[in-house]
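Thanks for coming. I will take a few minutes to walk through one structure, so please have it open as I talk.

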Amino acid sequence: MKRVLVWGLGVSGRSAIELLKSKGIEVYWGDDKDKVDFREFLGVVDTVVLSPGIPPSHPLWMEAQKKGIEVIGELELAWKFFEGRAIAITGTDGKSTTTRLTYLMLSSYFDNVGEGGNIGVPFSDIVLKNPKSLAVLEVSSFQGKTLNTFRPVGGVFLNFSPDHLDWHPTLEDYLHSKYNIFARQTEEDFIVLNEFQKEVAETPTRAQKIFIGQRDAFIKDGKAYLFGEPLFELEKLKLFGLHNAYNLLFASAIAKRMGVPTENIREVAYTFRGLPHRLEYVGEIRGVKVYNDSKATTPHALQSALESMPDGKVILIAGGKNKGFNFEELLPLVKKKTKACLLIGEAKEKMAKAWNEGYLCNGLEDAVEKAFELAKEGDIILFSPACASFDMFKDYKERGEAFKRLVLSYVEE
């Protein structure tokens with residue numbers, strides 16, 4: 001690696017540039033929005049570092065491969081200069097929550113623990129500041145696809161459902177990009193897997209497998225058990241939802257395997273309140289509870305949210321930019337849990353057709369107003385879009401903040 005082109009100047013791209021400069025490597029950079037012709041660099045560089053948002057169909061990716069130029073992502077680049085150990089956490093849903101829980105549990109016992117990857121802090125930043133740390137990394141399928149030397153000592157594969165088919169050419173490619181995160185693990189390493197999903201449980205790896213579901217860790221009669229030991233009681237958790245109790249179990253399995261005492265694990269389990277925009281409790285207004293689940297960008301995430309709710313009490317606000325999902329599979333659950341569906345965005349007609357119901361609203365503000373009109377004491381307003389945000393908002397964070405502002409402005413009125 002002597003001359004490198006970094007393409008995509010978001011947070012991870014800028015971090016990659018700084019890391020390369022610190023190592024004395026000649027680096028060039030550009031971005032599609034700058035209208036720079038990437039071809040002028042391909043005769044000069046031996047490696048291309050791509051932003052996670054750049055798909056395999058991008059002309060730069062295809063042209064670099066034709067010329068035999070190495071194509072990697074920022075995570076793989078950072079790994080080349082990392083001297084510590086990594087924990088890799090992936091899955092369609094729940095990655096960020098599980099990553100934060102794992103970080104909190106490990107940092108309660110070990111010094112020199114970092115948190116990053118897809119969760120916000122680029123791995124390159126961790127390598128620049130603390131190259132010998134224990135790094136807890138959220139790893140997306142985009143990052144997984146371009147890995148070729150990355151080897152985590154421990155890993156988690158939470159769940160798998162269709163997603164990102166606007167980026168991956170096929171569902172199989174999406175799954176194998178997840179598998180690739182763990183492909184270089186050895187017998188000395190370990191991986192925690194969802195026993196309930198065949199694709200996940202059968203992850204090809206030489207690492208020791210720890211199963212969450214029925215064998216090594218499970219939930220029974222309101223209690224979570226890990227390696228035969230009672231770990232926590234669900235009613236004492238500040239996190240909401242059964243899926244979050246399982247996220248806790250995944251994090252606990254990593255922490256326990258790494259040597260963290262049970263009391264440290266339990267302390268985190270009972271004090272963690274969750275991340276913003278993930279079944280975030282906004283408040284109670286005239287007896288109506290309101291939850292912001294803007295991070296739910298897939299039907300599977302909406303399913304997890306609905307399964308946590310009482311039957312027939314939910315006024316659901318959903319919709320946004322459809323990423324090619326099939327919403328029909330949610331019909332029985334939607335019928336069971338909701339009393340009304342308020343639909344927004346590009347996907348609203350498709351969702352209404354799939355569920356044989358739904359108010360078609362003119363945006364989020366209209367939906368929030370309608371929700372409070374319909375809500376009675378004891379009901380729940382749940383904003384869980386099951387779609388991407390890009391038809392109306394920059395990202396799920398902006399969308400979630402807009403929802404919370406609308407709810408609070410309604411209260412003030």
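This is a predicted model: local features need pLDDT of at least 70, side-chain atom pairs count only at pLDDT 80 or more; totals for chains, interfaces and linings use all residues.

A salt bridge here is a side-chain nitrogen of Lys or Arg within 4 Å of a carboxyl oxygen of Asp or Glu.

Some bookkeeping on the domains. The assignment for the protein chain gives domain 1 as 3-75, domain 2 as 82-271 and domain 3 as 280-409.

Now the interface itself. The centres of domain 1 and domain 2, taken over C-alpha atoms, are separated by 29 Å. On the domain 1 side, 19 residues are in contact with 17 residues of domain 2. The two domains bury about 1500 Å² between them, and 70% of that is on carbon and sulfur atoms. Which three residues supply more than any others of the area that domain 1 buries against domain 2? They are Leu 19, Pro 52 and Leu 75, with 42%.

There is polar contact as well: four residue pairs are counted between domain 1 and domain 2, with both residues at pLDDT 80 or more. The elements giving two or more residues to the domain 1 side are helix 1 (11-22), strand 4 (70-73) and helix 3 (74-79). Helix 1 gives the most, with seven residues. By class, that side of domain 1 has 11 nonpolar, five polar and three charged residues.

How many does a search of the whole structure find? The search finds 20. In general terms, side chains of opposite charge can pair when their charged atoms come close.

Glu 115 forms a salt bridge with Arg 100, with the closest N and O atoms 2.7 Å apart. This pair links distant parts of the chain, with Glu 115 in strand 6 (residues 113-117) and Arg 100 in helix 4, 15 residues apart. Glu 115 counts as buried because its relative accessible area is 16%, while Arg 100 is partly exposed at 27%.

Next, the side chains of Glu 195 and Arg 215 meet in a salt bridge at 2.6 Å, N to O. Glu 195 is in the loop between strand 9 (190-194) and helix 8 (198-201), and Arg 215 is in the loop between strand 10 (208-212) and strand 11 (217-220). Glu 195 is also buried, with a relative accessible area of 16%.

Is Thr 102 buried or exposed? Thr 102 is buried, because its relative accessible area is 0%. Beyond four places in sequence, Thr 102 touches Ile 89, Val 136, Ala 251 and Ile 254. Helix 4 is also among the elements covering the buried residues of helix 10, along with strand 13 (229-233) and helix 9 (242-257). Those buried residues of helix 10 include Ile 265, Val 268 and Tyr 270.

Last, a residue in a loop. Arg 286 sits between strand 14 (280-285) and strand 15 (288-292), and is exposed at 63%. Arg 286 and Glu 377 are 91 residues apart in sequence, yet 6.5 Å apart in space, C-alpha to C-alpha. Leaving aside neighbours within four places, Arg 286 is in contact with Glu 377 and Tyr 410.

Note on methods: Residues are numbered from 1 along each chain as its sequence is written. Side-chain values use heavy atoms; hydrogens and water are left out. Buried means under 20% relative accessible area, exposed over 50%, partly exposed in between (1.4 Å probe, protein chains only). Contact means heavy atoms within 4.5 Å. Domain bounds come from an automatic or database domain assignment. Buried area is the accessible area (1.4 Å probe) that two parts lose on being put together, summed over both. A polar contact is a pair of N or O atoms within 3.5 Å; within protein, one must be able to donate a hydrogen and the other to accept it, and residues adjacent in sequence count only if both atoms are side-chain atoms. Helices (H or I, at least four residues) and strands (E, at least two) are DSSP runs, numbered from the N terminus. Ala, Val, Leu, Ile, Met, Phe, Trp, Tyr, Cys and Pro count as nonpolar, Asp, Glu, Lys and Arg as charged, and the others, Gly among them, as polar.
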